Amino acid sequence: MEGTAYLTRGDVLRRAQDIIGIPLKDIDKTGRLASGKGAIGTVIEENWFGYSPNSESEPDFPEAGVELKVTPYVHGKGGIRAKERLVCNIINYMEEYDRTFHTSSFWHKCSTILLMSYEHRDDVPKGDLSIDKAILFSFPEEDLRIIEHDWETIITKVRKGLAHEITEGDTLYLAACTKGANAASVRKQPFSDIPAKQRAYSLKSSYMTQILQRYIFGMEENERIVKDWHVLARTSFEGYLIAKLSPYYGKTQEELMTSFGVTKKPKNINDILLGKMLGIHGRIAQTDEFKKASIVPKTIRVRRDGTIKECMSFPPFDFIKLSQETEWESSELYNYLAPTKFLFVIFQENEEGKLVFDRVRFWNIPSRDLDEVERVWRKTRDTIQRGVVLQETKQGVRNDLPKASESHVAHVRPHAKDGKDRAPLPDGRMMTKQCFWLNNSYIAEQLKRLN
C-alpha cells in the first residue's frame, strides 16, 4: 500500500476533527454516497483523506500505524447504541493460524483506530448526515486481555481443522463474522478439506455500544466483575467467573438467601444471588463485561428426572418486519442469536423438591444448530408472506407457524401477556404476538454436553 500525507497520529487526528459538522454531501465529490453499504466510510477515505480504499493488511495510515473506522450509532429506546458491528479485516486461515496475537493481522491493522462516529437516522438522506466525533482509540488493558483470548479461541478452531464451525458466539468482544458477497463465500482452511465460510475479525455491536457510550459520549463506566485485570493473564473471563461461583455449588436457594441476608424472594431472586456471589452491587447483566459481550444470563431449572420444563424464548418479532427480511445473516434473529453468549445458571431439583444451585456454564449455539434455526426462520418468514392460516378451535386460535414437533432445535409460539396482546400481520389481520423459542428438549441435550 502506498503511504499517505498523514505521517503521525497527531496529523491523522487533526485532519479527522476538521470534518466534524460538515454535511457529507459537501465532502462527496464522486457520487460515492449513492453506492450503498460502506459509502460513508469510502467518501471520507477518498474525498477527505485523499487515498483509495483498500483491503490490504496494512493500516489505512501505515506511517502513523492508524486504521480508519467510521461507525454509526442510533438513539433507541434504551439510549445510544451502535448500529452494527465494526468489521476489521478478512481472516486468511492459511496464514493466520501460524501467528501469535501480537503478530496477527488483526493486531497489525487495528491496534490503534481512528474512530469517527455519526448518528444514523432513517429519515435523513446520507448527504445531510455529518461526523460528530473523531478520536484515536486504543484498547484498554482490561478489554485487551479478553480480546486476546477471543483471538486464541478463533484460531484454535482453525488449528483443529474446524474453521467451518466458527460462530460469532464463540467469543466475547472480538468475533469472526461472516464476510462475503453472499452466504456461499468460502475459503480454504489449512487442516481440513471442508471449505469454511469467509470471515472477518469484528468488534461486536454490544462492545461498540459500550465504547461509544464511554469514549464518545463520556458516560460513566459500568461496574466490573473483574476488579483487577491482571488476573486475566492467568485465566479467561469465563474461567474467572466460574471459579468465583463454584464454591456455592450444592447450596439450595434458601441457603444462599440466608448466607447473604436476603429476606425477600422477588421474581429475579437468582439474579440477586448471582450478584452477591460475585461481589457486585447491581445486576450481573449490567456489568461492564456482560454489556460489552452481550452475555445473556438464563436461569434453567432441571427436574429430578433431568428434564426441563421451560423452553428458552427470544424477544417477540414484528410480523411485518420479519416478512420483509431477505437474508438470514441480516435478520433480527440471526443478529441476536449468532453473536450471543449465554450464561446458563442451572438449578437442580433435589429429592425434597428444593432447587439446588448446581453449576453455571457458558454456551452459544453451535453452527450446525444455527443452520437449523435458519430453516425455521425461513419457514416462518415464508408463512407470514403468503398469509398465516388462523383456525378457531376449542382450545383457542391455531396457526400454521413452525411447531416444536417440526424441529429438534427451535419453534414459534406466542409470547404475549394474554390473547389480547396482538400485532398486525402484513395483510392487516391481527394476531397474538409470537417469538422464536429453543425447544426445552434441545436445551436439556445441550446441558448434558456441557457437563
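**Figure 1. Helices H5 and H10 at the lining of the largest cavity.** Helix H5 (141–159) and helix H10 (288–293) each contribute at least two residues to the lining of the largest cavity, where helices (H or I, at least four residues) and strands (E, at least two) are DSSP runs numbered from the N terminus. The model is predicted, so that local features need pLDDT of at least 70 and side-chain atom pairs count only at pLDDT 80 or more, whereas totals for chains, interfaces and linings use all residues. Residues are numbered from 1 along each chain as its sequence is written, and side-chain values use heavy atoms, with hydrogens and water left out. On a 1 Å grid over the protein atoms alone, a cavity is a set of points where a 1.4 Å probe fits but cannot get out, a pocket is an open set with protein on both sides within 12 Å along at least five of seven lines, and lining residues have an atom within 4 Å of a point. By this rule there is one cavity of 30 Å³ or more, and the largest cavity holds about 50 Å³ of space, a volume being the space filled by probe spheres set on the points, with grid points joined across faces, edges and corners. The lining of the largest cavity consists of Glu142, Asp143, Ile146, Tyr173, Arg224, Val226, Trp229, Leu232, Asp288 and Glu289. H5 gives the most to this lining, with three residues. By class, the lining of the largest cavity has five nonpolar, no polar and five charged residues, where Ala, Val, Leu, Ile, Met, Phe, Trp, Tyr, Cys and Pro count as nonpolar, Asp, Glu, Lys and Arg as charged, and the others, Gly among them, as polar.

Figure 2. Three strands, in the order E3-E9-E6, make up an open sheet with antiparallel pairing, two strands being paired if DSSP finds at least two bridges between them. Strand E3 (86–90) and strand E6 (174–178) stand at the edges, each with a single partner strand, so one side of each is left without a neighbour in the sheet. From one strand to the next, the twist averages 40°. E3 and strand E9 (residues 199–203) run antiparallel and are joined by three bridges, and Val87 has Ser202 in E9 as its bridge partner. H5 packs on the sheet, where it touches E6 and E9, and its direction makes about 40° with that of E6; axes are lines fitted to C-alpha atoms, for helices over the stretch in contact, and angles run from 0 to 180 degrees between N-to-C directions.

Figure 3. Arg199 is buried, with a relative accessible area of 6%, where buried means under 20% relative accessible area, exposed over 50%, and partly exposed in between (1.4 Å probe, protein chains only). Leaving aside neighbours within four places in sequence, Arg199 is in contact (heavy atoms within 4.5 Å) with Ile90, Ile91, Tyr93, Ile166, Thr167, Glu168, Ala176, Cys177, Thr178 and Lys179. Ser236 stands 37 residues from Arg199 along the chain, and the C-alpha atoms of the two are separated by 23 Å.

**Figure 4. Ser111 in the loop between helix H4 (105–110) and strand E4 (112–119)****.** Ser111 counts as buried, with a relative accessibility of 19%. When neighbours within four places in sequence are left aside, the contacts of Ser111 are Phe106, Phe137, Ser138 and Phe139.

**Figure 5. The second largest pocket.** The volume of the second largest pocket is about 680 Å³. Its lining has 27 residues, of which Pro297, Lys298, Thr299, Ile300 and Arg301 lie nearest the centre of the pocket. Helix H9 (269–278), strand E10 (295–302) and strand E11 (312–313) each supply at least two residues of this lining, and E10 gives the most, with six residues. The lining of the second largest pocket divides into 15 nonpolar, five polar and seven charged residues.

**Figure 6. The open sheet E11-E19-E16.** This open sheet has three strands in the order E11-E19-E16, with antiparallel pairing, and its edge strands, E11 and strand E16 (410–414), each pair on one side only. Two bridges join E11 to strand E19 (residues 434–438) in the antiparallel sense; Ser313 has Trp437 in E19 as its bridge partner, while Met312 stands opposite Leu438. E16 and E19 run antiparallel and are joined by five bridges, with Phe436 of E19 as the bridge partner of Val412. Both faces of E19 are covered, with Gln434, Phe436 and Leu438 buried on one side and Cys435 and Trp437 buried on the other.
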